[in-house]
Amino acid sequence: MDCNRCNEEAVMHAAYSGAHLCEDHFRESVEKRVRRRVRRDDLVPHDATPENPQTWVIGLSGGKDSVVLTRILHDTFAEDPRIELVGLTIHEGIEGYRDKSVEACVELCEDLEIRHELVSYEEEFGVRMDDVVEDDPENMAACAYCGVFRRDLLSKYAEELEADLLLTGHNLDDEAQTALMNVLEGDVEQMAKHFDASLGPLSEREEQDEFVPRAKPLRDVPEKEVALYAHVDDLPAHITECPHASEAYRGEIQQLLYDLEENHPGTRHSILSGYEELATIAAEKYAGDDGADLQECVECGSTTTRDVCRKCSLLEALV
């Protein structure tokens, strides 16, 4: 099948749009969607100048999503002195998995000539995920522990690096799954928090001085297209699932969306589009609602809603 825009051979077919695209036009399509999201979410402030540049920290895992995001953002802002990119990689301590992805991160950042920072659970917390999974004192899925530790380090180092923005490589599938989970759980307040945390345009979010703002510029691109982009652009992405991945509920939602998308192309786009509108309304409803009081954790000083933050309580259980 030929590309819809030229006579070259198509490398992908998007069932949701009917488009057949060659390598060049496929890459152009993905990049256009990411840059459009950057504009729509107001990620580049009007007062950014070469003298007062913005520092954007990217959560760079070495997987396809964060690698593709880093490449596109670099190509977009390489000649723009208002934006400085920093790759932040977190080593969880998973033998045979994270070491290879760290190599991908180092290679990418060297190729793009951007700053790269590496931190680890072992250095920061004195634990490795392989050991956490084996001990499992709270009888939880591995992702439950890892998510808490990872979020803590992303937030901590985004602040230490004086980031103006923390970017993650969540794709369309990731965000559609989260949206559907929140809807099925009837969690309207969580929708509002999602909007203010990372979904809404920066200019429309409730101000949160305690945290570095987050953004997800890749969220309009389906997961398979992200993987294809990494392949056709020959990026050093480590495309292997974590051996401890065990989010059962999300896995069910993922399979449900696969089936719906197969039978009704465009389902993921529709879910996320409608969800973003609902999240906007929810954020307006809860605007000005302080909710739980934020305070400093008595153990580590991080911002939390309880005396001891979740990270410290988990670390205490692991001792």
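# Briefing on side-chain pairs and cysteines

At 2% relative accessibility, aspartate 41 counts as buried. Its salt-bridge partner is arginine 219, with the closest N and O atoms 2.9 Å apart. The model is predicted. It holds 24 salt bridges, five aromatic pairs and zero disulfides. A UniProt record also marks a binding site, at Cys297, Cys300, Cys309 and Cys312.

**Salt bridges**

- The bridge between aspartate 41 and arginine 219 links distant parts of the chain, 178 residues apart. Aspartate 41 is in the loop between helix H1 (23–40) and E3, while arginine 219 is in the loop between strand E7 (214–215) and helix H9 (223–232).
- Arginine 219 is buried as well, with a relative accessible area of 0%.
- Lysine 64 and glutamate 223 also meet through their side chains in a salt bridge, at 3.1 Å from N to O.
- Lysine 64 counts as buried, at 13% relative accessibility.
- Another salt bridge joins glutamate 92 to arginine 150, where the closest N and O atoms are 3.4 Å apart. Glutamate 92 lies in the loop between strand E4 (83–91) and helix H3 (98–112) and arginine 150 lies in helix H6, so this bridge ties together parts that are 58 residues apart in sequence.
- Glutamate 92 has a relative accessible area of 3% and is buried.
- A network of salt bridges links Glu23, Asp24, Arg27, Arg71, Asp75 and Asp233.

**Aromatic rings and a charge over a ring**

- The structure holds five aromatic pairs.
- Tryptophan 56 is in strand E3 (residues 54–59) and phenylalanine 77 in helix H2 (residues 64–77), so far as sequence goes 21 residues apart.
- Tryptophan 56 is buried at 0% relative accessibility, and phenylalanine 77 is buried with a relative accessible area of 9%.
- The ring centres of tyrosine 121 and phenylalanine 149 are 5.6 Å apart and the planes stand at 80°, so this pair is edge-to-face.
- Tyrosine 121 is in helix H4 (residues 121–125) and phenylalanine 149 in helix H6 (residues 142–160), so the pair ties together parts 28 residues apart in sequence.
- Tyrosine 121 counts as buried at 0% relative accessibility, and phenylalanine 149 counts as buried at 0%.
- Ring pairs join Tyr121, Phe125 and Phe149 into a cluster.
- Lysine 285 has its charged end over the ring of tyrosine 286, 5.6 Å from the ring centre.

**The annotated binding site**

- The binding site at Cys297, Cys300, Cys309 and Cys312 comes from an unreviewed UniProt entry. These residues are spread over 16 residues of sequence but cluster in space, with a largest C-alpha distance of 8.4 Å.
- Cysteine 300 is in the loop between strand E8 (295–296) and strand E9 (303–304). Its relative accessible area is 36%, and cysteine 300 is partly exposed.
- Leaving aside residues up to four places away in sequence, cysteine 300 touches Cys309, Lys311 and Cys312.
- Cysteine 312 is part of helix H12 (residues 310–318). Cysteine 312 counts as buried, at 12% relative accessibility.
- Again leaving aside residues up to four places away in sequence, cysteine 312 touches Cys297, Glu299 and Cys300.

- Cysteine 6 is partly exposed, at 23% relative accessibility.
- For cysteine 242, the closest cysteine sulfur is in cysteine 143, and the distance of 6.5 Å is too far for a bond. Cysteine 242 is partly exposed, with a relative accessible area of 22%.

Notes. Residues numbered from 1 in each chain as written. Predicted model: local features only at pLDDT ≥ 70, side-chain atom pairs only at ≥ 80, totals over all residues. Heavy atoms only, no water. UniProt positions renumbered as here; feature names shortened; annotations may be inferred. Helix = DSSP H or I, 4+ residues; strand = E, 2+ residues; numbered from the N terminus. Buried < 20%, exposed > 50% of the residue type's maximum accessible area, 1.4 Å probe, protein only. Contact = heavy atoms within 4.5 Å. Phe/Tyr/Trp six-rings, centres within 6.5 Å; stacked < 30°, edge-to-face > 60°. Lys NZ or Arg CZ within 6 Å of the ring centre and 35° of its normal. Disulfide = S-S within 2.5 Å. Salt bridge = Lys/Arg side-chain N within 4 Å of Asp/Glu carboxyl O.
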